[in-house]
Amino acid sequence: MVPRLSKGDVDRCVWARFIDQIKSYYKDDHQVEIKPNYILFKVICQPILPFEGHKFLSFSSNISGRVAEEVEMEDYVNTVRSHARAIFGSRIHGWNEMHDSWWHYPLDEVKESIKSYEQLDEPDTAIKDPNVPWFVVWDIPAKGKGLLARFDIPKGTRILCEKPLLTVKSMPSSELEPVVAAKLKALPRESQRQFLSLHNNFKRKHPFSGIVKTNALPCGSSSPVGGIYPNICLINHSCVPNSHNNWNDDTEHETIYAIRPIKMGEEITIPYGPGGRLEQRQSFLKESFGFTCTCSGCNLISAPDELMVSETRRERIENLDKAIGDPFAMFLRPSDTLLNCRELLQALDEEYNGHTGALDARAYYDAFQVCAAHGDQARASVFAERSYQARVICEGEESPETQRMKALALRPKDHASFGLLSMTWKLKRQTVPTGLDAMKFEKWLFRERD
Ligand SMILES: C[S@@+](CC[C@H](N)C(=O)[O-])C[C@H]1O[C@@H](n2cnc3c(N)ncnc32)[C@H](O)[C@@H]1O
């Protein structure tokens, strides 16, 4: 590694990403052992990768003269080097004494640094400077640019909040081109530069509208208006994202919140579309954004059993969503609709490993509506409170939808659908039972029969 890495947070973040990739690449290799502070390759010369990148100088070591072992060792060296090159580029140098290329660092210095791998430095206890962003812009293989977490990011953290460089209504590319050109002309130079530096999957005929089509995020879930942002538009998509994007109508900002803890060096990802099964997702992303998704959810193609479980679950999620949205069922069989909400929440929890983002918030709001429509303020207030908690995580306290849920938790009666279908479940808000254990409370909440 020339020059060696610093202790600064960008180098630490990128090294953490590299170490994670190596761990995951060799997860089933018994010759690669994860020690508390480094990765040990149990082959000739025992090369080591420390968890602290600033200590690392060199990976491989001397030639032993034993051909079979050297070939095995070469394999590891080549693989580790190609992962490192993909991340650190020209900072990674090869050396081979047989071809007269030599160690960059004196051997003593290398040995000394390897000794220091055993003991981690004192942890950095400095509080994060609020002016330093949570992310680093980096090249992500097969995806172009992307954002990496510069630090460990706790769940519920606001990672980014940006005003759009410009907004445009959806329209055919030929009509959009002059509209975007005019808006672009009116922008300050720096904003023009930021817009023009964004990725474009549809370059040929309509360069400006191509940038819009590749990058625009809707300003609101069903809004025909899309916004273009300098940093948010560098965030890549994942079908199992770790962050949530939301348009705040009051402040006219797009925000990005972490919906689960994100480790330093991990890529920050959002969902570009509504989800669904693999084929639907892939064709939506191709059609709307012009790319083939290579996220971990889509890579399940190489793990057919897991993929089948995920596909079946996503189909179930789709069917439950439809059943919950059926107004006749909500009128005639509200208990079934409520149980469907419960099953949906469980399926979402399994599919997204407990980090569902706004999907949970929506499902709880559905359950709220069923109870409110039949006059049950007690259950409605609990569901609104849960929806509120979920919204806080993915949109923050200041989002209008979060505030709406908070108000409904206090006064479910204020909802337009209150008592609209019947008052057969009539209950006051104050009658929420206390003293039940968690299981019994859930049974009460979803009106589950024994
Ligand atoms: C809004 S841009 C994101 C930033 C972009 N990677 C860049 O280099 O500027 C969207 C483009 O990024 C790439 N991309 C985003 N998510 C991806 C994914 N999951 N798999 C493959 N490519 C992806 C695609 O080229 C897509 O059209």
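Residues are numbered from 1 along each chain, as its sequence is written. Because the model is predicted, local features require pLDDT of at least 70 and side-chain atom pairs are counted only at pLDDT 80 or more, whereas totals for chains, interfaces and linings use all residues.

The protein contains 14 helices and 13 strands; helices (H or I, at least four residues) and strands (E, at least two) are DSSP runs, numbered from the N terminus. Along its principal axes, the C-alpha trace spans about 85 × 60 × 45 Å. Of the 450 residues, 33% count as buried, where a buried residue has 20 or more other C-beta atoms within 10 Å of its own, an exposed residue has 12 or fewer, and a partly exposed residue lies in between, with C-beta atoms placed from the backbone. The protein is divided into domain 1 (9-116), domain 2 (135-289) and domain 3 (304-446), with bounds that come from an automatic or database domain assignment. The centres of domain 1 and domain 3, taken over C-alpha atoms, are separated by 51 Å.

The shell around the ligand comprises 21 residues, of which Gly144, Lys145, His199, Asn236 and Phe291 come nearest; a residue is near a molecule or strand if its C-beta atom, placed from the backbone, lies within 6 Å of it. At least two residues of the shell are supplied by each of strand S5 (144-149), helix H6 (207-215) and strand S10 (236-237). The largest share, three residues, comes from S5. By residue class, the shell consists of eight nonpolar, eleven polar and two charged residues. In this division Ala, Val, Leu, Ile, Met, Phe, Trp, Tyr, Cys and Pro count as nonpolar, Asp, Glu, Lys and Arg as charged, and the others, Gly among them, as polar.

Strand S12 (residues 253-258) is mostly covered, with six of its six residues buried. His253, Thr255 and Tyr257 point one way from S12, while Glu254, Ile256 and Ala258 point the other way. In a regular strand the side chains alternate between the two faces of the sheet. Two strands are taken to pair if DSSP finds at least two bridges between them. Strand S6 (residues 158-162) runs antiparallel to S12 and is joined to it by four bridges, with Arg158 standing opposite Tyr257. Strand S11 (residues 243-248) also pairs with S12 in the antiparallel sense, over six bridges, and the bridge partner of Asn248 in S12 is His253. The hairpin of S11 and S12 has four residues between the strands.

A further, open sheet of three strands has the order S7-S9-S8, with antiparallel pairing. Strand S7 (166-169) and strand S8 (217-218) stand at its edges, each with a single partner strand, so one side of each is left without a neighbour in the sheet. Four bridges connect S7 to strand S9 (residues 225-228), and Lys169 stands opposite Val225 in S9.

Helix H8 (residues 304-324) has 21 residues and reaches 30 Å from its first C-alpha to its last, close to the 30 Å expected at 1.5 Å a residue; the expected span is 1.5 Å times one less than the number of residues. Arg314, Ile317, Leu320 and Ile324 are buried in H8. Seen down the helix axis, the buried residues of H8 fall within an arc of 125°, so they line one face of the helix; the arc is that of the directions from the helix axis to the C-beta atoms. An α-helix has 3.6 residues a turn, so residues three or four places apart point the same way. On the other side of H8, Pro304, Asp305, Met308, Thr312 and Lys322 are exposed.

Most residues other than glycine have a negative phi, and most peptide bonds are trans. A cis peptide bond joins Val2 and Pro3, with omega about -5°, and Pro3 is found in the segment before helix H1 (9-25). Cys45, which is not a glycine, has a positive phi of about 75° and is found in the loop between strand S2 (38-41) and strand S3 (48-50). Cys45 is partly exposed, with 17 other C-beta atoms within 10 Å. Glu252, found in the loop between S11 and S12, likewise has a positive phi, near 55°. Glu252 is exposed, with 12 other C-beta atoms within 10 Å.
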